[in-house]
Amino acid sequence: MSWTNKIGCFLALIALVVTSNLSAQVAAPKLLCISVETNGDITITWEKPPNPNNEFVSYDIQWSVNGGPFINLFTSTIHGQQVYTHAGAGFGASPNTNYLYRIITNYNVGGNPGTSNPSDTLTPINPNLSVSGNVSGNLIWNYISPNGVLPSSDPNYEVERRFRFNSPVWGTEANPPVGQEIFRDTVARCHDTVFYRVSLRDQSGCVSTSLVVNAELLDNLGAATMTYTQVTVDNQNGVTSLHWNKHPDPSVTYYRILYRGQSSTPGPGGVFIDSVGVDSLFVIDATNSAFKDFQCYQILAYDSCGKTQGSGNVFHCTMNVDHSYDNCKAELTLFWNPYIGWNKVKNHNIYQSINNGPYKRIDSIPGTDTSVVIGNVNSADAYAFYIEAIDETGAYFSHSQVFATRFSAPNQTKYCTLRSATVRGANEEVWLRTYLDKDAPIQALRVYRAFDKDGPFQHIQTDTPSVSVFDTVFFIKDNQVRPEQLEYYYYVEVIDNCGNAVIRSNTIRSILLDGTSDKNDMISELTWRDAFHFDSTQDEDNLPFFEVFKSLSSTFGSNPLLKTRSLYYTDDFSSEIGEGGRFCYYIEYIQPPTLEFPLWDTSYSNSLCFNHEPDVFIANSFTPNEDGLNETWRPYVSYVVPVQDYRLRIIDRWGRVIYESTEPSEGWDGKINEKFAPAGVYVYEYSYVSANGSSTQGKGSFQLVR
């Protein structure tokens, strides 16, 4: 054989070998789903393997029980088959049975038979269910593949549930993720059977369905006795609320609340208040008043069978506050019944509100104490109290009802009214005009003052009015003030013979007159504020009003500039600049009688003065020729105090005084002894006292022209 033939044979042999290797073996199918039928048969679904060269011969479907060897169940010669049902498998007939399934492919390549490697194994979903009495519990199951999660499986299961009698239709209850093969259920039923099944869908469309498991839900003795956390009274609306923790028994479906009134004695009884669902952890009793006495309650838990083991004589009772009051000591004693229901009360907190203000904790006492003494009680104030009990753990509290009252002293003063705060006296003191009841004995009057209506008020003095002024109008004087600079607010407390404040007057404000004065524009602008205290009994047709008074010489006239209810006034004094440089004002507030204060009353503001320095204009000539123009000569002086404080003299060239005047508005007419004075230069001298009291002199000359 030539080398050429040898090479040809060798290449043919290589081609035969390559052709043989290119004929691929047929693989085992990829298992997708395994489902348990209702009769215990097992259905498996797979994806057929490729068979490009038609080398497929058959599938061997094999089965293993409880770890035993795999045995053939069925041989299929149909390559396109993808589903097989193991009839008579009887899965679930025996508990804890473990089935495994796999498939092997048989093929023939060039007359040479072969067998593929086994497919992955699948095992049916076999749930395990635990129940307790009439409450379902845990459902646990296995994954379909012992060798790991199948790539084509959905990421979540579907857990379905139904009952034999109640809700017999399957319904989805959960979709736990693959890898979490457990579902915890707390559904409760009485004398019924619960059924569960688990399914897992594959992306190919097939579904792995578990064995259906069930269990009987049986009646038990009823929900056990429960405890609860607190019973407390709402201090805003007075209703009682009960609070508890959820009952640990999952079979509990609702609670019943019983009202026991003032009795915590064991035994049957109680008035039904309400029923609430298992998810409710509190209830409000708005029916029984928390103000009449302490209140006791019981809570009974009922299971889904409507059974309960009762309350076990567990009661919770609120606290109810009562009091005693010592008028002369101004001491209040609060006492209350102990809270019932806790093992121990850690402490009691006492909360107080004065005159509807916010509640503040004023004391904390041991839980064994059920009374407290509160001193310095002012009967002029309205008080409210409640007690807060704290249990020994510090986690729970209970409030008593609110105890609210005024502590009226016997034979008290019935009224004390401040009518006005008026500025009086040379030193401008503030006098409080007071109208006081005389029927009750009075020890003193405490006077309080502030710079703002909201305070803070300070006790400034204590007055002891004589008996003769009781039931009449009298003044309380405050001389430690500057009413020309500030407004002041006042009220008065009446102190009885026990030394307690028994009544408080209204609050009144002094009148502060303020303003500015412009020398050039010749106006004064005055402002003041309206009365602070409003008398609701005053006649709408006869309301208070203001009167504005003015002085040009430090002496006020008896007639006002105007009467007004306005709070400002602009005074034009241009016609009065020759009457002095000091302008003073004050306000009178006129109040007609009312039911609250049955007398006319006039109160005064401070005096407000403006001092303007004089202005002097002196002409250097005049022409007294009886033509009606420039006929007299005088210094024109504005804002000068008149008459005795002004002096003008005119002197001729020989030093003789030819004219003299003390009236700023008068001038020289150019005559001497009723005869025309000769033309020429004349000397003048003048002096005056300014508004601030300083003396001013002036001297010069002027020309008389004929």
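## A buried cysteine to start with

C584 is buried, with a relative accessible area of 2%. Here buried means under 20% relative accessible area, exposed means over 50%, and partly exposed lies in between, using a 1.4 Å probe and protein chains only. Its partner is C609: the two form a disulfide, with their sulfur atoms 2.0 Å apart. A disulfide is a pair of cysteine sulfur atoms within 2.5 Å. C609 counts as partly exposed, at 30% relative accessibility.

Before going on, please keep in mind that this is a predicted model, in which local features need pLDDT of at least 70 and side-chain atom pairs count only at pLDDT 80 or more, while totals for chains, interfaces and linings use all residues. Residues are numbered from 1 along each chain as its sequence is written, and side-chain values use heavy atoms, with hydrogens and water left out.

## The disulfides

How many disulfides does the structure hold? There are four. In the link of C584 and C609, the torsion about the S-S bond is about 115°, so this disulfide is right-handed. C584 lies in strand β44 (residues 582-591) and C609 in strand β46 (residues 608-611), so the pair ties together parts that are 25 residues apart in sequence. Strands (E, at least two residues) and helices (H or I, at least four) are DSSP runs, numbered from the N terminus.

Another disulfide joins C33 to C206, with an S to S distance of 2.0 Å. This link is right-handed, with 75° about the S-S bond. C33 sits in strand β1 (residues 30-36), while C206 sits in the loop between β13 (192-201) and β14 (207-209), so the pair ties together parts that are 173 residues apart in sequence. Are these two cysteines buried or exposed? Both C33 and C206 are buried.

A further disulfide joins C190 to C305, with 1.6 Å from S to S. With -115° about the S-S bond, the link of C190 and C305 is left-handed. This pair connects distant parts of the chain, 115 residues apart: C190 is in the loop between β12 (182-184) and β13, and C305 is in the loop between β21 (296-303) and β22 (316-317). C190 counts as partly exposed at 23% relative accessibility, and C305 is partly exposed too, with a relative accessible area of 22%. As for another cysteine, C416 counts as buried at 5% relative accessibility.

## Strands side by side

Strands of a sheet pair through backbone hydrogen bonds, either parallel or antiparallel. Two strands count as paired if DSSP finds at least two bridges between them. Strand β8 (residues 128-132) and strand β9 (residues 135-140) run antiparallel and are joined by four bridges. Across this pair, L129 stands opposite L139 in β9. What do β8 and β9 form together? They form a hairpin with two residues between the strands, and G133 in the turn has a positive phi of about 65°. Strand β9 also runs antiparallel to β12, with three bridges joining them. The bridge partner of N138 in β12 is R184.

Elsewhere, four strands make an open sheet in the order β19-β18-β21-β22, with antiparallel pairing. Its edge strands are β19 (271-277) and β22, each of which pairs on one side only. Two bridges join the antiparallel strands β21 and β22, and Y297 stands opposite H316 in β22.

## Pockets

Rolling a probe the size of a water molecule over the atoms shows where empty space is left. A pocket is defined on a 1 Å grid over the protein atoms alone: it is an open set of points with protein on both sides within 12 Å along at least five of seven lines, whereas a cavity is a set of points where a 1.4 Å probe fits but cannot get out; lining residues have an atom within 4 Å of a point. Grid points are joined across faces, edges and corners, and a volume is the space filled by probe spheres set on the points.

The largest pocket has a volume of about 290 Å³. It is lined by 18 residues, and those closest to its centre are T227, Y228, T229, G341 and W342. The second largest pocket has a volume of about 240 Å³. Its lining holds 13 residues, with P95, N96, N126, P127 and N128 nearest the centre. Strands β8 and β15 (213-217) each supply at least two residues of this second lining.
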